[in-house]
Amino acid sequence: MRPSFHPKLINGPFEDPCLFVPFLFQRRALLFDLGDIQALSARDVLKISHVFITHTHMDHFIGFDTLLRIFLGREKTLHLFGPHDFLNHLQGKLSAYSWDLVGNYPNRFDITATEVRSNSFVTRKYQCQNGFLPGRIKTEPFGDIIYREPGFTVEIAILDHSIACLGFSITERFHVNILKDALFSMGLQIGPWLKEFKDALFREDDPSKSFEVPMGKTKQVYILGELADRIARITPGQKITYISDISYHQANRAKVLKLAKHSDQLFIEGPFLESHKDIARKKHHLTAGQAGKIAAEAGVKQFSIFHFSPRYMGMAHLLQKEAADAYESAV
Ligand SMILES: [Zn+2]
Ligand SMILES: [Zn+2]
């Protein structure tokens with residue numbers, strides 16, 4: 001099976017946290033945390049549709065300016081999600097620049113931002129053409145799911161890092177494997193129509209309805225259910241969890257275990273060694289050993305640690321080993 005999501009930490013473990021999650025067969029990606037994103041090409045940055053930010057400590061939000069600069073003047077909408085007080089921090093960034101010339105831009109670039117509060121989601125729109133003045137407030141009741149599309153959901157947990165910090169899981173509803181040999185033997189090509197095809201399956205469209213596939217300059221019409229039988233196999237969906245900057249205590253542990261349960265991949269911070277766990281506690285971070293233990297207890301298939309303290313420069317292998325040992329001894 002070729003997974004739908006291809007998550008990649010874009011920086012080294014001593015650099016800013018930032019998980020880039022491009023989608024298979026689509027010019028689209030999600031981003032978890034917004035540290036320094038200079039390692040991404042402008043082409044990759046422009047694939048980003050939704051950014052999920054754990055908290056606004058500088059190393060998790062400094063990439064916003066780079067992102068904004070690349071999107072400015074494009075016909076795009078960018079969706080941002082962040083924790084308590086996120087809208088104030090975002091407005092602070094947006095109000096740092098003069099926007100007197102943006103009224104002349106032919107394209108409309110908008111930001112839609114959602115702040116997660118303990119009992120609500122608060123969303124505001126910021127339009128480039130009016131200098132990013134905050135738009136009307138829309139409030140919805142809090143829920144575990146912060147974002148939903150036919151094919152996947154993004155779930156959250158509000159965690160504690162002395163300030164509120166969000167944990168995120170992206171879960172595919174089910175996975176549609178495209179059988180390329182079957183597809184090619186029918187004379188079909190890979191293209192954007194595959195997203196339409198998958199979305200029709202995720203929406204549970206009537207299988208007897210017709211579905212058009214482009215063939216060069218013409219179109220071929222199939223019955224959706226018959227096409228699915230020939231070119232698709234359905235398997236369980238993929239789940240990826242991203243956790244950064246949390247204190248190690250019972251309430252956080254319980255929330256992370258619930259959120260990360262049975263993930264295919266868990267990306268979790270592991271900044272300190274167990275021998276420095278007092279420092280980790282004071283700074284409201286995990287140790288690598290605690291990260292490995294959480295990964296084992298959540299029953300994840302694979303996990304990666306990142307966000308290493310600079311004090312271990314040249315000793316990353318010690319953190320990796322401590323996390324791996326803790327995982328092995330807890331499974
Ligand atoms: Zn932090
Ligand atoms: Zn951090």
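## Notebook: loop, sheet and zinc sites

**Ser162.** I began with Ser162, which I found in the loop between S10 and S11; helices (H or I, at least four residues) and strands (E, at least two) are DSSP runs, numbered from the N terminus. Phi of Ser162 is near 75°, a positive value in a residue other than glycine.

**Ground rules.** I note that this is a predicted model, in which local features need pLDDT of at least 70, side-chain atom pairs count only at pLDDT 80 or more, and totals for chains, interfaces and linings use all residues. Residues are numbered from 1 along each chain as its sequence is written, chains are lettered from A and ligands numbered from 1 in the order in which they are written, and side-chain values use heavy atoms, with hydrogens and water left out.

**The sheet around S10 and S11.** I then looked up the sheet, which is open, has six strands in the order S9-S10-S11-S16-S17-S18, and shows mixed pairing; two strands pair if DSSP finds at least two bridges between them. Its edges are strand S9 (145-148) and strand S18 (302-306), each of which pairs on one side only. On average, neighbouring strands of this sheet are turned by 15° against each other, direction ignored, where axes are lines fitted to C-alpha atoms, for helices over the stretch in contact, and angles run from 0 to 180 degrees between N-to-C directions. Strand S10 (residues 152-161) is paired with strand S11 (residues 163-172) over ten bridges in the antiparallel sense, and within this pair I noted Ala157 opposite Gly167 in S11.

Thr153 is also in strand S10. Its relative accessibility is 14%, so Thr153 counts as buried (buried means under 20% relative accessible area, exposed over 50%, partly exposed in between, with a 1.4 Å probe and protein chains only). Leaving out residues up to four places away in sequence, I listed the contacts of Thr153 (heavy atoms within 4.5 Å) as Ile145, Tyr147, Arg148, Ser169, Ile170 and Thr171.

**A hairpin, and another positive phi.** Strand S13 (residues 210-215) and strand S14 (residues 218-223) are antiparallel partners over six bridges, with Val213 opposite Gln220 in S14. S13 and S14 form a hairpin with two residues between them, and Gly216 in that turn has a positive phi of about 60°. I also checked Glu204, in the loop between helix H5 (193-202) and S13, which has a positive phi of about 60° although it is not a glycine. Glu204 is exposed, with a relative accessible area of 59%.

**Zinc ion, ligand 1.** Which residues coordinate the zinc ion (ligand 1)? I found His55 (NE2), His57 (ND1), His161 (NE2) and Asp245 (OD), at 2.1 to 2.3 Å; donors are N, O and S atoms within 2.8 Å of the metal (3.2 Å for Na, K and Ca), and water is not among the atoms, so sites may look incomplete. The spacing of these donor residues in sequence is H-x1-H-x103-H-x83-D. The four donor atoms make angles of 86 to 168°, and the site of the zinc ion (ligand 1) is irregular. For this label, four donors count as tetrahedral if all angles lie between 85 and 135 degrees; four count as square planar and six as octahedral if opposite donors are over 155 degrees apart and all others between 65 and 115; anything else is irregular.

The zinc ion (ligand 1) lies 3.5 Å from the zinc ion (ligand 2), and Asp245 coordinates both. His161 lies in strand S10 and Asp245 in the loop between strand S16 (239-243) and helix H7 (250-260), so this pair ties together parts that are 84 residues apart in sequence. I recorded His161 as buried, with a relative accessible area of 3%, and Asp245 as buried at 1%.

**Zinc ion, ligand 2.** The donors here are Asp59 (OD), His60 (NE2), Asp245 (OD) and His307 (NE2), at 2.1 to 2.5 Å. With angles of 86 to 159° among the four donor atoms, this site of the zinc ion (ligand 2) is also irregular, and its donors follow the spacing D-H-x184-D-x61-H along the chain. His60, in the loop between strand S4 (48-52) and helix H2 (64-71), and Asp245, in the loop between S16 and H7, link distant parts of the chain, 185 residues apart.

**Cysteines.** How many disulfides does the structure hold? I found zero, a disulfide being a pair of cysteine sulfur atoms within 2.5 Å. The sulfur of Cys18 is 14 Å from the closest cysteine sulfur, in Cys165, which is too far for a bond. Cys18 counts as buried at 1% relative accessibility, and Cys165 counts as buried at 0%.
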